[in-house]
Amino acid sequence: MNPTYLMPAVRTGPPTATGATPVRTGPVPVPVPAAVRFRAACPDCRGRFELAAGALRLAIGATSRTTFYTFTCPECAAPVRKPAGERIIELLTGGGVRTLRLHATP
């Protein structure tokens, strides 16, 4: 059995001459709240804290070794780099973290 994917209809624009509002179909962007916070820990000072999406960076590479996220520890100012699996990538991108896609050079 093949799954059916439904796209929501979004009413946009002013009403037409018949009084109907035009309908646009397609993916609807989901706003990310500014209050999204991520729990993190520093391997140097062992501090535990919460970071806003703007404090994190995600780099997605061709392999698991080149896919990671980074941040600066707010307690000891050490740069931290940690590996990012599929679930971490999903959470960070969904939470509004800036992402850099790395491309291999031939």
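Tutor: Let's start with a term: accessible area here is worked out by the Shrake-Rupley method with a 1.4 Å probe. On that basis the chain has an accessible surface of about 8,200 Å², and 58% of this surface belongs to carbon and sulfur atoms. Please keep in mind that the model is predicted.

Student: What is the secondary structure of the chain?

Tutor: The chain has 1 helix and 8 strands. Along the sequence they follow the pattern β-β-β-β-β-β-β-α-β.

Student: What makes Phe49 and Phe71 an edge-to-face pair?

Tutor: Two values decide it. Rings pair if their centres lie within 6.5 Å, and planes over 60 degrees apart count as edge-to-face. The centres of Phe49 and Phe71 are 6.0 Å apart and their planes stand at 75 degrees, so the pair is edge-to-face. Phe49 lies in strand β4 (residues 48–52) and Phe71 in strand β6 (residues 68–72), so the pair ties together parts that are 22 residues apart in sequence.

Student: Why is the pair of Tyr69 and Phe71 called stacked?

Tutor: Here the angle falls at the other end of the rule, where planes under 30 degrees apart count as stacked. The rings of Tyr69 and Phe71 have centres 6.3 Å apart and planes at 20 degrees, so this pair is stacked. The structure holds 2 aromatic pairs, and ring pairs link Phe49, Tyr69 and Phe71 into a cluster.

Student: How do you know whether Tyr69 and Phe71 are buried or exposed?

Tutor: Compare each value with the cut-off for buried, which is under 20% relative accessible area. Tyr69 has 15% relative accessibility, so Tyr69 counts as buried. Phe71, with a relative accessible area of 4%, is buried too. Phe49 is also buried. In the chain of 106 residues, buried residues make up 25%.

Student: Which residues does Tyr69 touch, not counting residues up to four places away in sequence?

Tutor: Its contacts include Leu56, Leu58, Val80, Ile88 and Leu92, and also Arg57, Arg81 and Lys82.

Student: What makes Arg81 a charge that sits over a ring?

Tutor: For Arg, CZ has to be within 6 Å of the ring centre and within 35 degrees of the ring normal. The charged end of Arg81 sits over the ring of Phe68, 3.6 Å from its centre.

Student: Why is the contact between Arg87 and Glu90 called a salt bridge?

Tutor: Side chains of opposite charge can pair when their charged atoms come close. The rule asks for a side-chain nitrogen of Lys or Arg within 4 Å of a carboxyl oxygen of Asp or Glu. For the side chains of Arg87 and Glu90, the N to O distance is 3.0 Å, and they meet in a salt bridge. Both residues lie in helix α1, 3 residues apart, about one turn of the helix. By this rule the count comes to 1 salt bridge.

Student: How do you know whether Arg46 and Ala77 are buried or exposed?

Tutor: Exposed means over 50% relative accessible area. Arg46 has 71%, so Arg46 is exposed, and Ala77 has 57%, so Ala77 is exposed as well.

Student: And Ala78, is that residue buried or exposed?

Tutor: Ala78 is found in the loop between β6 and β7. With a relative accessible area of 10%, Ala78 is buried. Among the residues it touches are Asp44 and Phe71.

Student: Why is Gly85 called partly exposed?

Tutor: Partly exposed is the range between buried, under 20%, and exposed, over 50%. Gly85 has 38% relative accessibility, so it counts as partly exposed. Gly85 lies in the loop between β7 (79–83) and α1.

Key. Residues numbered from 1 in each chain as written. Predicted model: local features only at pLDDT ≥ 70, side-chain atom pairs only at ≥ 80, totals over all residues. Heavy atoms only, no water. Helix = DSSP H or I, 4+ residues; strand = E, 2+ residues; numbered from the N terminus. Buried < 20%, exposed > 50% of the residue type's maximum accessible area, 1.4 Å probe, protein only. Contact = heavy atoms within 4.5 Å.
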